[in-house]
Amino acid sequence: MLALRVVLFLLCGSLICSEIRHLTDQWITWKSQHNKTYRSTKEEVYRRSIWEKNLQDVLKHNEEAGVGLHTFTLGLNHLSDMTAEEVNPFLNGLMEEDFSDMNLTLSPWTPATHLHLPSRVNWTEHGLVSPVQNQGMCGSCWAFSAVGALEGQMKRKTGVLVPLSPQNLLDCSVSLGNHGCKGGYLTRAFLYIIRNKGIDSNKFYPYEHKQGLCRYSVTARAGYCSGFQIIPKHNETAIQFAVANVGPVSVGINAKLASFHRYRSGIYEDPKCNFGMINHAVLIVGYGSEDGKDYWLVKNSWGTSWGEHGFVRIARNKNMCGISSFAIYPKI
């Protein structure tokens with residue numbers, strides 16, 4: 001009997017050791033994939049504990065998705081050693097719009113009678129969408145969303161897709177009320193481009209993951225803007241008309257949930273996502289349906305290791321995560 005107990009203990013110990021070794025191998029691989037280094041052993045132990053908890057949540061969610069309880073899957077990415085409370089202050093920098101000091105006359109938007117509404121649109125297939133970038137630990141989502149919408153309009157006008165500079169907006173639109181890495185407004189991003197009579201290319205004025213001195217140069221101007229149009233609030237049909245007939249549209253969403261931070265694939269629909277709050281700017285680049293479920297095709301600015309190579313499909317016609325709370329596109 002004693003011998004049996006010893007054998008069982010050794011077997012159990014061996015299984016535990018094997019599991020620990022496998023987990024350690026995963027941790028080392030993940031760190032290498034995302035170029036993670038830590039200042040001390042203590043910090044690494046802490047980050048690994050968060051990573052392990054996030055991994056457990058991912059595996060549990062995906063098991064549930066496998067039996068039809070969710071319409072999307074989760075995965076590990078460059079944010080997986082952080083809690084949701086740590087991610088949100090750094091990555092979600094869209095500020096609630098305030099027109100009180102902008103001296104603007106905003107015209108209502110109504111679709112013309114001749115506009116068509118196809119069942120599917122994907123502007124990435126027509127060359128209106130530049131490659132996904134990673135904003136890093138900087139609340140510059142508003143700048144990436146704004147330049148993305150303008151890139152699409154410039155492509156439609158000129159026939160050439162030129163990535164524009166979010167860093168130009170980050171550094172130079174402070175006088176319009178934006179706050180660099182601490183957040184900004186989509187309207188004031190476009191207003192800066194209008195009043196500045198242009199924005200530089202990303203090649204000339206590359207992204208630096210932090211706010212710096214304004215270095216705009218008219219000789220490197222690659223885009224311009226004459227105005228912007230705000231789409232009626234909580235009207236996803238109006239947004240659909242705009243996406244189909246105008247091009248990519250900037251929108252605000254609630255990106256606060258851990259499920260959004262860990263999104264990997266599928267149609268994102270989380271009933272816990274508060275539609276009354278928006279804190280993150282993204283770019284709608286299309287829409288469609290899959291297995292009877294309508295979705296928006298959305299470009300994010302969290303790098304290609306997040307989501308579907310940097311994109312997310314968000315449930316459509318449900319105001320999921322407040323996606324119809326604020327939508328805007330530039331005019332040129």
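User: By class, what residues make up the lining of the largest cavity?

Analyst: The lining has six nonpolar, six polar and two charged residues. Here Ala, Val, Leu, Ile, Met, Phe, Trp, Tyr, Cys and Pro count as nonpolar, Asp, Glu, Lys and Arg as charged, and the others, Gly among them, as polar. A cavity is a set of points, on a 1 Å grid over the protein atoms alone, where a 1.4 Å probe fits but cannot get out, and its lining residues have an atom within 4 Å of a point.

User: Before we go on, what kind of model is this?

Analyst: This is a predicted model, in which local features need pLDDT of at least 70 and side-chain atom pairs count only at pLDDT 80 or more, while totals for chains, interfaces and linings use all residues. Residues are numbered from 1 along each chain as its sequence is written, and side-chain values use heavy atoms, with hydrogens and water left out.

User: Back to the cavities, then. How many are there of 30 Å³ or more?

Analyst: There are two cavities of 30 Å³ or more. Grid points are joined across faces, edges and corners, and a volume is the space filled by probe spheres set on the points.

User: How much space lies in the largest one, and which residues are closest to its centre?

Analyst: The largest cavity holds about 110 Å³ of space. It is lined by 14 residues, of which Phe 144, Ser 145, Lys 299, Asn 300 and Ser 301 are the closest to the centre. The elements giving two or more residues to this lining are α4 and β8, and the largest share, five residues, comes from α4. Helices (H or I, at least four residues) and strands (E, at least two) are DSSP runs, numbered from the N terminus.

User: And the second largest cavity, what lines that one?

Analyst: Its lining consists of Asn 54, Leu 79, Met 82, Thr 83, Ala 84, Val 87, Ala 258, His 261 and Arg 262. About 50 Å³ of space lies in this second largest cavity. Helices α3 and α8 each supply at least two residues of the lining. By class, the lining has five nonpolar, three polar and one charged residues.

User: α3 has come up now. Which of its residues are buried?

Analyst: In α3, residues 84-91, the buried ones are Ala 84, Val 87, Asn 88 and Leu 91. Down the axis of α3 they fall within an arc of 100°, so they line one face of the helix. The arc is that of the directions from the helix axis to the C-beta atoms. Buried means under 20% relative accessible area, exposed over 50%, and partly exposed in between (1.4 Å probe, protein chains only).

User: Why would residues a few places apart point the same way?

Analyst: An α-helix has 3.6 residues a turn, so residues three or four places apart point the same way.

User: What is on the other face of α3, and what does the buried side pack against?

Analyst: The face turned away from the buried side carries the exposed residues Glu 85 and Pro 89. The buried residues of α3 pack against α4, α8 (258-261) and β8 (280-290).

User: Let us turn to the core. Which residues touch the most other members of the largest nonpolar core?

Analyst: Leu 169, Val 243, Ile 253 and Phe 260 do, within a core of 80 residues. Helix α4, residues 141-158, gives the largest share of this core, nine residues. Apart from it lies another core, of five residues, including Trp 27, Trp 30, Trp 51 and Leu 55. A nonpolar core is a set of buried Ala, Val, Leu, Ile, Met, Phe, Trp, Tyr and Cys residues joined through side-chain atoms within 4.5 Å.

User: What is Phe 260 in contact with?

Analyst: Leaving aside its neighbours within four places in sequence, Phe 260 is in contact with Ile 253, Ala 255, Tyr 268, Asn 300, Trp 302, Trp 306, Val 312 and Ile 314. Contact means heavy atoms within 4.5 Å.

User: Last topic, the backbone. Which phi does Lys 197 have?

Analyst: Lys 197 has a positive phi of about 60° although it is not a glycine. Most residues other than glycine have a negative phi. Lys 197 sits in the loop between α6 (186-196) and β3 (199-200), and it is exposed, with a relative accessible area of 63%.

User: Is Asn 319 buried or exposed?

Analyst: Asn 319 is buried, with a relative accessible area of 14%. Asn 319 has a positive phi of about 50° although it is not a glycine, and its place is in the loop between β10 (311-315) and β11 (327-331).

Note on methods:
1 Å grid on protein atoms, 1.4 Å probe; cavity = no way out; pocket = protein on both sides within 12 Å on 5 of 7 lines; lining within 4 Å.
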